[in-house]
Every structure is written in structure tokens, then in C-alpha cells.
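Please read the points below alongside the sequence and the model.

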Amino acid sequence: MTRPMNIVILTGSGISAESGIPTFRTSGATTFWDYIDSGGVRRSHPVEEVCTPEAFARDPALVQHFYDQRRAALAAAEPNAAHHALARLDSAWAGELLIVTQNVDDLHERAGATRLLHMHGALRSAWCLACDGRSAWDGPLEQGPSCPACGAAGALRPDIVWFGEIPYGMERIDRALERADLFVSIGTSGAVYPAAGFVRTARYHGAATLELNLEPSGGSIFFDETRLGPAGQLVPEWVDALLG
Ligand code: APR
């Protein structure tokens, strides 16, 4: 009997677009994120102004406010057909499987996925710079609440991997890529490393590679096959075919 394939799936913000969560980059644009400022005005910020440790040191209130809004917006978002299809695959697949997400939303786990790794952190987690502990967190951080673990006030930051910081779980991801028979990339522009390099690592170790995206990504040439369309359609189709 042949063993079932080992699968690594990489997801990016495109998989959550149909749940109403904006992506980072649109075709032709660079890296600007919208957020609503404290006066209720929609503003755009270059990611360097909100997604770096330097930005947090310079203006913690701006950065906390930005992530507080994104955390609050999550409550209104629901997993879509693509998240549900991956959760179905996760529970049914007998081989090794790892869903590596660059997303900080919790839509994969709310759909039921368990073999999941948040390589860029999670909005619903707070990291205490005093005790180094992580706590589940649903509310705002801007007012400097106390750490539930150590009680320190004002020491919690978003548990998000910012530019210049080391992504979580790289050893586990590397091991999974080395063992993968199939690598699938869904809804990511392939603009940010190390995730953008996973396809080449997987290929190097002999995996077949498939991209499911709305438009060709920066790394499309490295995939054996690219299917273009919305994740809410392409992912269930792919999972249904795989599960027969
Ligand atoms: N279905 C499939 N793909 C989609 C959809 C959709 N409905 N909508 C958009 N896309 C695609 C876009 O065409 C684009 O290629 O999703 C991709 C989103 O790319 P980015 O906005 O660059 O997001 P992502 O790749 O997740 O960004 C990576 O960059 O700023 C950092 O840490 C941040 O995790 C993030 C990382």
C-alpha cells in the first residue's frame, strides 16, 4: 500500500479576503494598510509605520490602536468556504499535513483546522514584554492593561511578528517542507520572506507545487501549476478532488 501524501499548505491574506478582511497588497500597489484613526477617519499607513518594532518604540499608541481595530473587526468576520474546505481536509487527511498561515486572523481555527501554525503571530494573543508570557486577548491594548500572567501594567504588545522579527515555528515548517510530497500556496502575493521561499524549499526536496490565487503571484514561475480565481471557489474544488 502506498502511503498518503504529506501536504504543506501556505495561506496568505487572500484566503480571508472573501470574509471581508482586506489584503495587504493589491495588484500594482505597494504596502499600504487602511485603518480608522481615533477621529473615525480612514487613513492609510505604509506598513513601516505600524508593522515594525521601531514603529512601536516610536509611537506605541498608533500601533496599538491599529491592531486594536483589526482585532475588533475580527469579531464581525466569519470563515469562508476556503477555510472550511481546508478544515475538512485537515480532519480527513491520513497523511501528514500542516497549514502554515501568514494571517493573524483566527478564521482557520474557527473553521476547525487544528494542524495549523501562525507563522506571523495572532491578533487574539498578547505578548507580555515583562514576563515573556502569551495570553489569549480579545479586547484593546491601547490603554495599557495589566498582564493576566504577571500583573505588569502597560507591558503587553500585539503578539504579531513584525518586519525585522523572526517568524514563529520555522524549524517545524522546515521539517514539514522537507517531508512534503505536495506544497500548496493559497492567496499570497509571494512578496514577503521567508514564506515566499517555501515553494523553492519544497521543490528542492521533491514536492509537487500548486498555487491557488486570484492573480499570478511574484513566485508563480516556481510552481508546477497555478490556478487563478477566488479562494472560496478554487480551494473547495481542489479539496473535493483530493478527497474524492
Ligand atoms: N482569493 C484568492 N486570492 C486572493 C483573493 C481571493 N479572493 N483576493 C486577493 N487574493 C490574492 C491577491 O491577488 C494577492 O496575490 O491574495 C494575495 C494577497 O497578497 P498580500 O496582500 O501581499 O498578502 P500576503 O501575501 O498574505 O502578505 C504576506 O506580508 O505585510 C506582510 O506579514 C504580512 O503576512 C503578511 C505578509
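1. Leaving aside neighbours within four places in sequence, Glu78 is in contact (heavy atoms within 4.5 Å) with Ser19, Leu107 and Arg110. Glu78 lies in the loop between α2 (60-74) and α3 (81-92), helices being DSSP runs of H or I of at least four residues and strands runs of E of at least two, numbered from the N terminus. Glu78 counts as exposed because its relative accessibility is 51%, where exposed means over 50%, buried under 20% and partly exposed in between (1.4 Å probe, protein chains only).

2. This is a predicted model, in which local features need pLDDT of at least 70 and side-chain atom pairs count only at pLDDT 80 or more, while totals for chains, interfaces and linings use all residues. Residues are numbered from 1 along each chain as its sequence is written, and side-chain values use heavy atoms, with hydrogens and water left out.

3. Strand β8 (residues 156-160) is largely enclosed by the rest of the structure, because 5 of its 5 residues are buried. Strand β6 (residues 121-128) pairs with β8 in the antiparallel sense over 5 bridges, pairing requiring at least two DSSP bridges between two strands, and Ala122 stands opposite Asp159 in β8.
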